[in-house]
Structures are given as structure tokens and as C-alpha cells.
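Q: Pick one part of this model and take me through it closely, then show me what it connects to. I'd like the cut-offs behind the terms as you go.

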Amino acid sequence: MSADATPNPVISPISGRVHVYFDDAEIASTLKAMRLEEPGLAPQIYIPLDAMHPGILEASDTRSQAPGKGEAHYYTIKLLTADGPDRVWYYPYADGAYSDIRDLLTFGGERIEIRVSDV
């Protein structure tokens, strides 16, 4: 592989139930989560939109670009006790090696915690 070539990502299903917490409140739960592993980066968890508890995501105007994944679109988490601006995002145009995460949500920032249980 040449020095400027990027290794392919590894995207795989997660066995068990993934629980996503924001500010100590569960905001999502699913058996259909995926793990994205890219060299040099921490693994990232992706879940379907329908795994989110209803009524807590508000679309944001924020956009960013990620190599290979394309344009990211963001959501703000809105709870009674806290807001998380742009803590949730997805890649609506991901294709090629990243096509398995297209339209799946991922999370980042302070107060986000992801746990996996046996089911």
C-alpha cells in the first residue's frame, strides 16, 4: 500500500443490545447497531434512527465533511434536563466502503455514554 492510500474501514454488527445515554438518561436502545473501525481513530457506534426515543432530536443546520463518508448532517439532543447541540450526526450520502453506515446515527461529545448489554 502506498503512503497516501487509506486502509478500508471495518464495519461490523455488534452482538447484544446497545444503549445510548446522554446526561445519564437513556436516549436510544437497539439490537441493530454497527461498529465502525478506522485506523488511528476510536471505534464509532452507529444505530438506526428508529432506535432513538421519540421527540428528543431536533434537526440542526450544522454540516461537516468526513473523508470517505461525505457530508455529515447533525441533530441536537433536547431533554427536559439538558441540551446537546450537534451531539448526533449521520452521513446520508455515505457509499463505497462506508455504505453500511449510510443514514445511521452516531454520537459524540461530553455526556454521551454507550453501553452494550447481552440483551
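**A close look at the three-stranded sheet**

A: Let's take the open sheet of three strands, which has the order S3-S2-S10 with antiparallel pairing. Its edges are strand S3 (25–30) and strand S10 (112–117), each of which pairs on one side only. Direction ignored, neighbouring strands in this sheet are turned by 25° against each other on average. On the bookkeeping: this is a predicted model, where local features need pLDDT of at least 70 and side-chain atom pairs count only at pLDDT 80 or more, while totals for chains, interfaces and linings use all residues. Residues are numbered from 1 along each chain as its sequence is written, and side-chain values use heavy atoms, with hydrogens and water left out.

Now the terms used so far. Strands (E, at least two residues) and helices (H or I, at least four) are DSSP runs, numbered from the N terminus. Two strands pair if DSSP finds at least two bridges between them. For angles, axes are lines fitted to C-alpha atoms, for helices over the stretch in contact, and the values run from 0 to 180 degrees between N-to-C directions.

Zooming in, strand S2 (residues 17–22) runs antiparallel to S3 and is joined to it by five bridges. Valine 20 stands opposite alanine 28 in S3. There is also a charge over a ring here: arginine 115 lies over the face of tyrosine 21, at 4.1 Å from the ring centre (the test wants NZ of Lys or CZ of Arg within 6 Å of the ring centre and within 35 degrees of the ring normal).

Arginine 111 counts as partly exposed, at 41% relative accessibility (buried means under 20% relative accessible area, exposed over 50%, partly exposed in between, with a 1.4 Å probe and protein chains only). Valine 119 sits in the segment after S10, and it is another residue other than glycine with a positive phi, near 150°. At 71% relative accessibility, valine 119 counts as exposed. Setting aside neighbours within four places in sequence, valine 119 is in contact with Gly16, Arg17 and Leu31 (contact means heavy atoms within 4.5 Å). Between the C-alpha atoms of valine 119 and proline 39 there are 29 Å in space, and the two are 80 residues apart in sequence.

On to the packing. The largest nonpolar core has 21 residues, and Ile27, Ile47, Met52, Leu105 and Phe107 have the most contacts inside it. Such a core is a set of buried Ala, Val, Leu, Ile, Met, Phe, Trp, Tyr and Cys residues joined through side-chain atoms within 4.5 Å. S2, S3, S7 and S8 are the elements giving two or more residues to this core, and S2 gives the most, with three residues. Apart from this core lies another one, of 13 residues, among them Ile11, Ala66, Ala94 and Tyr98.

A search of the whole structure finds two aromatic pairs. In the pair of tyrosine 74 and tryptophan 89, the ring centres are 5.7 Å apart and the planes are at 35°, so the pair is tilted. The pair links distant parts of the chain, 15 residues apart: tyrosine 74 in strand S7 (residues 70–78) and tryptophan 89 in strand S8 (residues 83–90). As for the cut-offs, rings of Phe, Tyr and Trp (its six-membered ring) pair if their centres lie within 6.5 Å; planes under 30 degrees apart count as stacked, over 60 as edge-to-face and the rest as tilted. Tyrosine 74 is buried at a relative accessible area of 14%, and tryptophan 89 is buried at 16%.

Finally, S7 has its own partner: strand S6 (residues 57–66) pairs with S7 in the antiparallel sense over seven bridges. Serine 64 stands opposite alanine 72 in S7. Their hairpin has three residues between the strands, and there glycine 68 takes a positive phi near 85°.
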